[in-house]
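Please look over the sequence and the three-dimensional model shown here before reading on. The paragraphs below are meant to be read with both in view.

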Amino acid sequence: MEISERLRTVASFVKNGTTAADIGTDHGYVPIYLYQEGAIKSAIACDINKEPIRRAQKNINMYRLSNVIETRLGAGLEPLKMGEAETIIIAGMGGMLMIGIMDESRAKTLAAKELVLQPQTDIDKVRKYIHSIGFRIDDEKMLKEDGIYYTVIRAVHGEEKYENEADYIFGKINIDNKSPALKDFLDNIMRKNANVMERLKAADTDNSRIRLKELEDYDKLCREVYECL
């Protein structure tokens, strides 16, 4: 099966899961790909809406994998039984929604051996949440596809806490690995920040000055990280 680079990266982060649960599965591409690659023995494809489950089931049937990939309708981790998924995959949704899903079923989250997460927003908050529940970030990768930047995180059980806020905002592993995608991302952000800061300076209102200070602090952090890459 041919899938996007984003989904291939998500799939490549699955290391220890005999059974994987794909939460918000949509078309079921990730569990199908994982099984075809021999990365898992079985999977549970979950979604809160009926239409994605229908699409996933159609694809699963097309690849004749209905005996090893099961679809379940339900919100978040609710369709899962305790401990039946060694890997929990949540990709392509907002970070706060992702945190809510894991926290509402925290016992099921903690029962997994690994979490493979690809949050679209609030990635720093996802990293902090991972640490707050006794997981450590084992691997992470930023990539760019079709002009959009994505971050994929793999977390396993273990104590960890980052000392620097920049590590939570941009990803310590990305910084340590001198990620080309992160460098490109920061370059884009700093150029955009420069334009916005010029407009804020010209506006010279109370609100613009407050926003300008926030952007200047963020831009300084971006430049410090950029110099490390």
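Predicted model: local features only at pLDDT ≥ 70, side-chain atom pairs only at ≥ 80, totals over all residues.

Residues are numbered from 1 along each chain as its sequence is written, and side-chain values use heavy atoms, with hydrogens and water left out.

The protein contains nine helices and seven strands, where helices (H or I, at least four residues) and strands (E, at least two) are DSSP runs numbered from the N terminus. Its C-alpha trace spans about 65 × 35 × 30 Å along the principal axes. Of its 229 residues, 49% count as buried; buried means under 20% relative accessible area, exposed means over 50%, and partly exposed lies in between, for a 1.4 Å probe and protein chains only. If contact is taken as heavy atoms within 4.5 Å, then among the contacts in the protein with a separation of 6 or more, 67% come from residues 24 or more positions apart.

Turn now to the helix pairs, for which axes are lines fitted to C-alpha atoms, over the stretch in contact in the case of helices, and angles run from 0 to 180 degrees between N-to-C directions. Helix α1 (residues 5-12) and helix α2 (residues 29-36) have axes that come within 10 Å and cross at roughly 55°. That makes α1 oblique to α2, since angles under 35 degrees count as roughly parallel, over 145 as roughly antiparallel, 65 to 115 as roughly perpendicular and the rest as oblique. The crossing of α1 and α2 is right-handed; a crossing is left-handed if the near helix is turned anticlockwise from the far one by less than a right angle, and right-handed if clockwise. On the α1 side the contact involves Leu7, Arg8 and Ala11, which meet Tyr29, Val30, Tyr33 and Leu34 in α2. The residues of this contact of α1 with α2 divide into six nonpolar, no polar and one charged, with Ala, Val, Leu, Ile, Met, Phe, Trp, Tyr, Cys and Pro counted as nonpolar, Asp, Glu, Lys and Arg as charged, and the others, Gly among them, as polar.

Helix α4 (residues 95-104) packs with helix α6 (residues 123-132) at an angle of about 20°, their axes being 8 Å apart, and α4 and α6 are therefore roughly parallel to each other. Their crossing is left-handed. Gly95, Met96, Ile99, Met102 and Asp103 of α4 make this contact with Lys125, Val126 and Tyr129 of α6, and by class the contact of α4 with α6 has five nonpolar, one polar and two charged residues.

A further pair is formed by helix α7 (residues 165-176) and helix α9 (residues 206-228), whose axes come within 11 Å and cross at roughly 10°, so that α7 and α9 are roughly parallel to each other. The contact is made by Ala166, Ile169, Phe170 and Ile175 of α7 and by Tyr218, Leu221, Cys222, Val225 and Cys228 of α9. By class, the contact of α7 with α9 has nine nonpolar residues, with no polar and no charged ones.

The cysteines deserve a separate look. The structure holds zero disulfides, a disulfide being a pair of cysteine sulfur atoms within 2.5 Å. Cys228 is accordingly in no disulfide, and the nearest cysteine sulfur, that of Cys222, is 12 Å away. Cys228 counts as partly exposed because its relative accessibility is 40%, whereas Cys46, at 1%, counts as buried.

Two loop residues have a backbone feature to check. Asp122, found in the loop between β5 (114-119) and α6, has a positive phi of about 50° although it is not a glycine, and with a relative accessible area of 29% Asp122 is partly exposed. Asp146 lies in the loop between β6 (135-145) and β7 (148-157); Asp146 is not a glycine either, yet has a positive phi of about 55°, and its relative accessible area of 76% makes Asp146 exposed.

Gln57 lies in helix α3 (residues 50-62) and is partly exposed, with a relative accessible area of 23%. Not counting residues up to four places away in sequence, Gln57 touches Ser66 and Thr71. Gln57 and Asp26 are 31 residues apart in sequence, and their C-alpha atoms are 9.9 Å apart in space.
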